[in-house]
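Hello,

Here is the structure I promised to pass on to you. Have a look at it first, and then read on for what turned up.

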Amino acid sequence: MAAFETHIAHLVRSVSLSELTKHLEFEMLGMRRFGFVSGQWLSFKQVKPDGEELTRAYSIASPPGEDPRFALCLNRVQDGFMSNFLCDMQAGDEIHCQGPFGDFILRPPLRDTIFIATGTGISPFRSMLHWLLTDQLRHQGKQFWLVLGSRYERDIYYHVAAAWSGKVCAAMCRNTFRALRKAGLTCTPTFAGSIKWSKRIASCLGRWAGTGSLSGMRSMTEAQSPFSR
Ligand SMILES: Cc1cc2nc3c(=O)[nH]c(=O)nc-3n(C[C@H](O)[C@H](O)[C@H](O)COP(=O)(O)OP(=O)(O)OC[C@H]3O[C@@H](n4cnc5c(N)ncnc54)[C@H](O)[C@@H]3O)c2cc1C
């Protein structure tokens, strides 16, 4: 079986999104364009100080473009090696990776869609939404809902979905309605500020003929998702 090609990515920029979470921007060395489809992930390799080689998967959090760049949304895991190694990388540092892999991607026909994520599970959806919303031919005027489960307001990454503007609605578990309004995001008061929002989504989905997509910690997304019922 042919081995997967290994790429070298170097860190261009690292931005803190919260105490434990970072947005990392990389560039693939020696490539003019890094081709992938929104929703795919990369496999990163690093040798630990004791010689063990670790491989971990990370979803691409940026949309595909005409350049060799891609971004990750990374959570530091306590006592985890790779997540902390990546979060500690400095601009210019290099790491080996393979991919892209995965078929968790948008499939035609495009329909009104609810994306449900928790934590860094936002990564594939950030990529998809940025890709969709940059071009009318891509989003075709469909409605997209991003429902992001977050225990605390400080854990709302990419606060900013303002940039995604009116087409994306977000709902959070607690205390987030005001923050979203401040960020200029269109929100649905039905969901905001309520930990019972899963029931409300379920009632909304009673009338729903679109697509649902889940990303994030399994226990959290399943607990909150009407799709799994
Ligand atoms: C397809 C795919 C895409 C992924 N995309 C992302 C992504 O975009 N961003 C991201 O941050 N992670 C993502 N992950 C998770 C990532 O691959 C690693 O599992 C994670 O970073 C932990 O790796 P580590 O080496 O730091 O810790 P490990 O050494 O693997 O784990 C250390 C300890 O922490 C526990 N642990 C592992 N993960 C978590 C967690 N999330 N919360 C609590 N405890 C945990 C382990 O069970 C273990 O006990 C993805 C995983 C998959 C399979």
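Which residue in β6 is the bridge partner of histidine 7? That partner is cysteine 97. Before going further, please keep in mind that this is a predicted model.

Strand β1, residues 6-16, and strand β6, residues 94-101, run antiparallel and are paired over five bridges. β1 also pairs with β2, residues 21-28, again in the antiparallel sense, and here seven bridges join the two strands. The link from β1 to β2 is a hairpin of four residues.

Stepping back to the whole chain, you will find ten strands along with six helices. The chain has 229 residues, and 37% of them count as buried. If you take the contacts with a separation of 6 or more, 62% are between residues 24 or more positions apart.

Then there is the ligand. Its shell is made up of 19 residues, and the closest include Ala57, Gly80, Met82, Ser83 and Thr120. Which element gives the largest share of that shell? It is β4, with five residues. At least two shell residues each come from β4 (53-59), β5 (69-75) and α1 (81-88). By type, the shell holds ten nonpolar residues, seven polar ones and two charged ones.

I hope this helps you find your way around.

Best wishes

Key. Residues are numbered from 1 along each chain as its sequence is written. This is a predicted model: local features need pLDDT of at least 70, side-chain atom pairs count only at pLDDT 80 or more; totals for chains, interfaces and linings use all residues. A residue is buried if 20 or more other C-beta atoms lie within 10 Å of its own, exposed if 12 or fewer, and partly exposed in between; C-beta atoms are placed from the backbone. Two residues are in contact if their C-beta atoms, placed from the backbone, lie within 7 Å. A residue is near a molecule or strand if its C-beta atom, placed from the backbone, lies within 6 Å of it. Ala, Val, Leu, Ile, Met, Phe, Trp, Tyr, Cys and Pro count as nonpolar, Asp, Glu, Lys and Arg as charged, and the others, Gly among them, as polar. Two strands pair if DSSP finds at least two bridges between them.
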